[in-house]
Amino acid sequence: MTDGRLSERLPDFPWDLLAPAKRAATEHPGGLVDLSIGTPVDPVPRVVREALAAASDSPGYPLTAGTPALRAAIVRWAARSCAAPAEGEGLGVLPTIGSKELVAWLPTLLGIGPGDTVVLPAVCYPTYEVGVRLAGATAVRTDSLTSLGPARVKLVWVNSPSNPTGQVLPAGHLRKVVDWARERGAVVASDECYLTLGWEDEPVSVLSPEVSGGRLDGVLAVHSLSKRSNLAGYRAGFVAGDPAVVSELLAVRKHGGMIVPAPVQAAMVAALGDEEHAAAQRAAYAARRDVLRAALVKAGFEIEHSGAGLYLWATRGEDSWATVSWFAERGILVAPGAFYGPAGERHVRVALTATDERVEAAAERLEI
């Protein structure tokens, strides 16, 4: 053992803290309904599995930058779904080993360290703060950039649609964030993993001209195929945006061996090129959302934000751990809002990622 262990910079892993509630919920006669995490439960699309299998004889080292076919597929998808510049107009793209890996290591990859500040949303995915701690920098949680004063801001995270709240930030708000960051030489990293899952609200990418002003400098968009294509087990994500920043990320990642396996790269090409499976998966989530939302409201919960994404942000005005216990008594596991920052302590996050049968079971239990 040595002093200064990296693990000592990090908080407890949030989901480990849910173990007692999970044990209690598992004792329900009808079994556990796990709505605590956003892990896909539906099959990987056949077109993706076939592409993975066809590329399985891959004895050589893959490219950190991604194959030409994958880079082209990302550019085409980003143009289609994010209103990003079309192929040949300078969009930097880079495959990542899922999106969580990039979130955790982006501050370090950008050379951010002690004395630097990274801005996080007031309520946000815990890994943003983990990444700041790994880099030894300072995290500030705020939704108001004007409150920061003279801090040496190097990176601003935005997350729209939000995990956990499902809130969608308007294009005008995102444009102000980008302009503010550019004035200070900071990078805006936009976590857009739920971009294509708009329900009442329509999300917009930081790559869209109405946000970026038609320029890519200082902006990055982070995407994942975990939810869109059920590829959480493949660890398939990518980052797109400022080509100069993406080139810097590539240079460091080459040294670190941060490479997406070749069969997964081939699977990503297939997934990004097929919208049929994505539309079917979106419809499945929409149906589950309707069932859970109605059941929660009927049970006395208020649903806040939640206009997009894979979660319902629910409250009944009490401490989030008390609400977790209430759900556990009914055999349902949800995530306490406290996981996402002090501002979330009176909410719980309810995931839509359970089978139709388990979602119906949860709805029935909420009526009791």
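**The second largest pocket**

Modeller: By class, 13 nonpolar, 11 polar and 3 charged residues make up the lining of the second largest pocket. The model is a predicted one. This pocket holds about 530 Å³ of space. Its lining counts 27 residues, and those closest to the centre are Pro 121, Thr 142, Asp 143, Leu 169 and His 173. Two elements give two or more residues to this lining, namely E5 and helix H6 (171-184). Both domain 1 (6-43 + 277-366) and domain 2 (58-274) contribute lining residues, so the second largest pocket lies between them.

Strand E5 leads on to the sheet. Its 7 strands follow the order E2-E8-E7-E6-E5-E3-E4, in an open sheet with mixed pairing. Strand E2 (92-96) and strand E4 (138-141) each have a single partner strand, so one side of each has no neighbour in the sheet. From one strand to the next, the twist averages 20°. Helix H4 (residues 98-109) lies across strand E5 (153-159), and also across E2, strand E6 (187-191), E7 and E8. The helix runs at about 150° to E7.

H4 also belongs to the surroundings of another pocket. The largest pocket has a volume of about 680 Å³, and H4 and helix H5 (126-135) are the elements that give two or more residues to its lining. H5 gives the most, with 3 residues. The largest pocket, too, takes lining residues from domain 1 and domain 2, so it lies between them.

Note on methods:
Residues numbered from 1 in each chain as written. Predicted model: local features only at pLDDT ≥ 70, side-chain atom pairs only at ≥ 80, totals over all residues. Heavy atoms only, no water. Pairing = 2+ DSSP bridges. Helix = DSSP H or I, 4+ residues; strand = E, 2+ residues; numbered from the N terminus. Axes fitted to C-alpha atoms, helices over the stretch in contact; angles between N-to-C directions. Contact = heavy atoms within 4.5 Å. 1 Å grid on protein atoms, 1.4 Å probe; cavity = no way out; pocket = protein on both sides within 12 Å on 5 of 7 lines; lining within 4 Å. Points joined across faces, edges and corners; volume = space filled by probe spheres on them. Domains from an automatic or database assignment. Nonpolar A, V, L, I, M, F, W, Y, C, P; charged D, E, K, R; others polar.
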